[in-house]
Amino acid sequence: MATTTGAPGVALDPPQTAQWRETWSELMEGFVPYLAGLEETLCRVAEAVHGRAPRRVLDLGGGPGLLAERMARRWAGAEVTLMDIDPVLLALARGALAGQVRALEGDLSTPRWVDRTGGGHDLITVVMTLHYLPSSQVRAFYDDARRCLAPGGLLVVADLMPDDGLPSLMSALDPAPNEAAAELAWAQWWNDIADLEVLRPLLAQREAVFGSRPPAEFTAPVSWHTAAAREAGFGQAGILWRCGRHAALAAVA
Ligand SMILES: C[S@@+](CC[C@H](N)C(=O)[O-])C[C@H]1O[C@@H](n2cnc3c(N)ncnc32)[C@H](O)[C@@H]1O
């Protein structure tokens with residue numbers, strides 16, 4: 001069930017909601033090369049780790065809910081929750097996914113988010129989100145995420161993770177994503193959505209959230225994330241996927 005926790009309901013036009021989510025999806029594909037391949041890989045690994053479909057799934061920093069929606073479709077019967085701090089993106093997720101995905105407001109920079117989710121998750125995903133936090137909070141996040149997983153649950157963190165000097169075959173085969181173009185498209189997307197009269201109150205809330213804390217732009221190699229996960233008590237942690245400067249870490253609680 002969708003919930004309105006933390007943000008007022010907004011009457012978004014369904015076709016408009018669909019269009020904004022579609023252009024968001026294109027935006028993310030501009031940042032993350034082979035995003036679809038990453039998603040397929042993490043879903044298969046989650047199924048392999050449990051020997052069944054995950055039953056409780058949490059997508060942190062889930063934005064307008066593209067991955068949450070795909071996981072809810074893939075694993076019919078799973079309880080899929082999305083959490084994000086951005087009221088505008090939450091409104092898009094709620095407008096599109098009511099009844100399919102529970103959408104919660106939550107701030108990953110404090111441990112309080114864990115209790116709001118109810119814990120006991122088989123799978124937690126965090127895609128292109130941890131770089132918003134400074135290193136000390138990312139370190140603390142691994143502890144929070146472990147507490148939020150069921151025993152044996154899987155955490156997947158995908159973000160910019162420079163590759164420790166190991167060459168990436170994928171980046172040798174294909175040109176790197178045009179990061180400047182992706183940044184421009186990001187700025188344009190936010191510029192365009194700011195024209196939506198119906199979102200004005202949420203855009204003001206968004207400004208209040210991010211105005212005082214711009215993204216930390218934290219990046220660290222996979223080895224840093226692996227060490228942080230192990231220190232937080234994850235039994236196994238290692239690289240799941242890499243393409244160019246982007247990688248995904250998988251850790252089992
Ligand atoms: C680049 S977007 C990625 C969104 C989504 N994972 C995707 O792939 O489409 C980063 C997301 O992290 C969220 N975020 C940033 N800081 C956060 C925080 N402290 N707590 C929760 N979410 C946060 C943003 O609101 C945004 O939705």
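## Ligand contacts

A nitrogen atom of the ligand lies 2.8 Å from a backbone N or O atom of Gly61, a polar contact being a pair of N or O atoms within 3.5 Å. The model is predicted, so that local features need pLDDT of at least 70 and side-chain atom pairs count only at pLDDT 80 or more, while totals for chains, interfaces and linings use all residues. Residues are numbered from 1 along each chain as its sequence is written, and side-chain values use heavy atoms, with hydrogens and water left out.

Asp84 places a polar side-chain atom 2.5 Å from an oxygen atom of the ligand. A polar backbone atom of Ile85 is 3.5 Å from a nitrogen atom of the ligand. The protein buries 94% of the 590 Å² that the ligand exposes when taken alone (accessible areas by the Shrake-Rupley method with a 1.4 Å probe).

## The shell around the ligand

There are 18 residues around the ligand, and Trp24, Gly61, Asp84, Leu108 and Val127 come nearest; a residue counts as near if one of its heavy atoms lies within 4 Å of the molecule. By class, the shell holds 10 nonpolar, 5 polar and 3 charged residues. Here Ala, Val, Leu, Ile, Met, Phe, Trp, Tyr, Cys and Pro count as nonpolar, Asp, Glu, Lys and Arg as charged, and the others, Gly among them, as polar.

## The largest pocket

The ligand sits in the largest pocket, meaning that more than half of its atoms lie within 2 Å of the grid points of the pocket. On a 1 Å grid over the protein atoms alone, a pocket is an open set with protein on both sides within 12 Å along at least five of seven lines, a cavity is a set of points where a 1.4 Å probe fits but cannot get out, and lining residues have an atom within 4 Å of a point.

The volume of the largest pocket is about 980 Å³. Its lining comprises 47 residues, with Met128, Thr129, His131, Tyr132 and Trp186 nearest the centre. Elements giving two or more residues to this lining include helix 1 (14–31), strand 1 (56–60) and helix 8 (179–193). The lining divides into 24 nonpolar, 11 polar and 12 charged residues.

## The cavity

A search of the whole structure finds 1 cavity of 30 Å³ or more. Leu130, His131, Asp159, Leu160, Met161, Phe218 and His225 line the largest cavity.

Key. Polar contact = N/O pair within 3.5 Å; in protein donor to acceptor, adjacent residues only side chain to side chain. Points joined across faces, edges and corners; volume = space filled by probe spheres on them. Helix = DSSP H or I, 4+ residues; strand = E, 2+ residues; numbered from the N terminus.
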